[in-house]
Structures are given as C-alpha cells and as structure tokens.
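Biologist: Could you show me the model, so that we can go through its features one at a time?

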Amino acid sequence: MNKTAQSERLHIAFIGKRNVGKSSLMNKFIGQDLAIVSEIPGTTTDPVKKAIELLPFGPVVLIDTAGIDDIGELGEKRISKTIQIITEADFALIVLDSQVKLSEEERSLITHLKTLELPFLCVINKSDLGINYELIEELDSLGLKHHSVSCITNESIYDLKEKVIKMLPESEDPPLVGDLIKQHDIIVLVVPIDLGAPKGRLIMPQVQTIRESLDEDAIVLVVKDKELRAALSKLSEQPKLVVTDSQAIMRVAADVPDEIPLTTFSILMARYKGDLPQYVKGLKRIEELNNNDKVLIAEACSHHAQEDDIGKVKIPRWLRLYTKKNLEIDIRNGHDFPENLADYKLIIHCGGCMLTRKAMQARIKQAKLMGVPIVNYGVAISYMHGAVPRALLPFGEAITAWEENK
Ligand code: SF4
C-alpha cells in the first residue's frame, strides 16, 4: 500500500453541473464505486476525496464535487465548497454533457479556472448517446482541450487517463531541508517527548526531515532536548544544522554554540509549504498591534485540543504577554478558514502539514490580496521568544526580509 500523505499528492478535481456524470467518471478512475452515482441531480453534496495510485504517474487525490448549478441555500454552500476545492486543486476535469451546449455556469467556470491559471481538460461524457457537435465547435472556438468518453460503455476511458497523466503539472515543491545539507553532513534533530508529543510516533515535519536528510546521504541524529548537550559533546565534528521543535527553541539555543546553524521544524515547513519571507515581513505587525485588534489563529486540521494546546492556549497567551495588549483572538480549524479576512490585523497560521502546498499558497494569497499580514506558528514563536534572527540565519531570503523590516 502506498502511504504517501494526502498533502503530498497532486489533487485532481472533477467539476461540472449536476448529473453530467462526475461521480461515474471518478469511479472509472478509481475502479470501484466510491462516489455515489445516481440519476437524481445533486447526489454529491460534499466533496468526496479518494487517494489512488494513478499509474504510471504515481499517488494522487481525486475529488468529486457538488454541481456548480446546485440550487437553494444549501446548494449555495455546496457551490462555495466546490470553489474552495478548485482553489486548492492542481488539475481539474470539467465534466460536460455530450447532449447540450455550454451553459452560463460552465462558461463562468472556464473563465474562473483560466483566471486561477489552473490546468484543466474538458471531458465530454455520455458519448454513447451521441455528441452535440455545436458543443465541440464551442470548445474549439475557446481553444479548450477536450476528450469524449462514455461511462456506460467505457469508451475512451483508458485514453482519458493517459491524456490526464500527460497533462498533470510537475511538482514544484521546494526542498524541506535537502538544499541545506549534503552527503555525510551531520544534522541533529531535537524532538522533545513531552505531554504535547503524540503517543508512539513522530509528527509529519519530523518524519519528512529525517527522510529528506537520508535521501541526501546525510548523517541524522535524533535526540530529545534534554540529551542535546550530551549528544553534541560526543560528536567529533560540528553538525551542519540543528533543527528543533519551536517550543523548545530557547532551551536548545542555549545548548547550541552560535557558530552552529539552528532553525525549527516549523520554519522549515514555512519555506516548504508557505512563504518564509512573507511570514518574516508579517512579524512587523506583531509590534503594531493595539488593544482590541482582532487576530486570526488558523490551524489546517481539527486535531483534539490538549490542555495546554499550542494554537488555542499557548500562542494567544504568548501574544498577549509579548504585546501587552488586550487582543481579540479568533481561532479557526480545518477548512474553516474565513473568506473575509478584512477584519483581522494579523493571521498566525499553523505549519499546514496537512495541507497541500497549493492550498497553503491559496491562503497566503488571500491574506495578501486583503492586505492582512500573515506569519506561521514557528516564525512567530521564535520571534516572541527572542530567537529571531538566529533561527532564520540558514535562509538568505528570510534574512533579507528581516533586514527590510527594520
Ligand atoms: S495544526 Fe497544522 S501543523 Fe499542526 S498537525 Fe494540523 S495541519 Fe499540521
């Protein structure tokens, strides 16, 4: 079984009006009946996601969405969910009914995807019922690529998959740590095992950093914060980099000599998923906060909150202590990222390890468009604990942004 995390897979969205066969088509890709198929329009209410191996390409996530012509108040909510999925997808299949010409909704969907620069393919479904050639002419006149299939007879489904694989964008994810180390370098990873640590496992940024370091043929040493000093004293060569959990940054900084580069897993994630220079610029806003200013704390997943939870308890406490201001703090989880950010003076976002890079970038873009500074947990925590600029020193572009803040 391929265990590639959903957040590391390309996301392909199946979009279109109700009853054009989006769910049937997605099931053809999966090879089983996961998405509910029905003749009744509007059967898919919430997006249905399925992680599959699209061979020979590799791991992807397929997303079946509600119809773009859904009706009523609930329908509007489903449409806005579909629009959110589109923003986060890497590729889209616009599923069309072979019998009819393009509708208004489909035309605006096409315009929307073009504006987002999201690559897509129009799939003309129900070819077994015949094809309205005016539809083909329309698509051709708009310069759109299209492919006809039948989910009933399976006509051209195989060719469609081949075509989609050829059109999928190359991954442009920057390295997490691979560009900071090389073969035989020593990298020390500090992983506190405290009450906040999940039982019996490491968290995704830690696992990914280990894996990428091993891919670079580096020597990886993983220690708890309490053992760091002993570990460093046993090394005959200085490590090339020390990476720590953000919450232990000050304890770790005290144990790591200044000449050894030091950063945090969260800052690595800021670069990998987000926009590190942008987050560093966002730090300036912490200094400008006033009483009653509204701050958004956003977490990309809905994990069970702990007693001293980082997002719900610690960051609000540190922020109020640091700024000495009476702030209004709004905490949102999972997909509940507000559409309207205009009321907020600052956004503090988690590392976003469960989001795709595309989805995290979409949130940053939304914040930028609304002129709201954004930072992530790691950058903000290091800053409020006095570990900036030290924790940023391994990253030239972050230091430039830091200098520009002055
Ligand atoms: S809150 Fe954010 S960083 Fe933490 S596990 Fe969830 S997605 Fe990852």
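Modeller: Buried means under 20% relative accessible area, exposed over 50%, and partly exposed in between, with a 1.4 Å probe and protein chains only. Helices (H or I, at least four residues) and strands (E, at least two) are DSSP runs, numbered from the N terminus. This is a predicted model, in which local features need pLDDT of at least 70 and side-chain atom pairs count only at pLDDT 80 or more, while totals for chains, interfaces and linings use all residues. Residues are numbered from 1 along each chain as its sequence is written, and side-chain values use heavy atoms, with hydrogens and water left out.

Biologist: How many residues of helix α9 are buried?
Modeller: Helix α9 covers residues 265-272, and the buried residues in it include Phe265, Leu268, Arg271 and Tyr272. The helix is largely enclosed by the rest of the structure, because the buried residues number 8 of the 8.

Biologist: Which residues in the largest nonpolar core touch the most other members?
Modeller: A nonpolar core is a set of buried Ala, Val, Leu, Ile, Met, Phe, Trp, Tyr and Cys residues joined through side-chain atoms within 4.5 Å. The largest one has 79 residues, and apart from it lies another core, of 24 residues, with Val20 and Ile157 among them. In the largest core, the residues that touch the most other members are Leu276, Leu283, Leu319 and Ile348.

Biologist: Which residues are closest to the ligand?
Modeller: Taking a residue as near when one of its heavy atoms lies within 4 Å of the molecule, 9 residues surround the ligand. By class, this shell has 5 nonpolar, 3 polar and 1 charged residues, where Ala, Val, Leu, Ile, Met, Phe, Trp, Tyr, Cys and Pro count as nonpolar, Asp, Glu, Lys and Arg as charged, and the others, Gly among them, as polar. The closest are Cys301, Cys350, Gly351, Cys353 and Met354.

Biologist: What is the omega of the cis peptide bond that joins Val388 and Pro389?
Modeller: Most residues other than glycine have a negative phi, and most peptide bonds are trans. Pro389 is found in the loop between α13 (377-384) and α14 (396-405). The cis bond between Val388 and Pro389 has an omega of about 20 degrees.

Biologist: Is Lys324 buried or exposed?
Modeller: Lys324 lies in the loop between α11 (310-323) and β12 (328-332), and its phi is positive, near 55 degrees, in a residue other than glycine. Because its relative accessibility is 72%, Lys324 counts as exposed.
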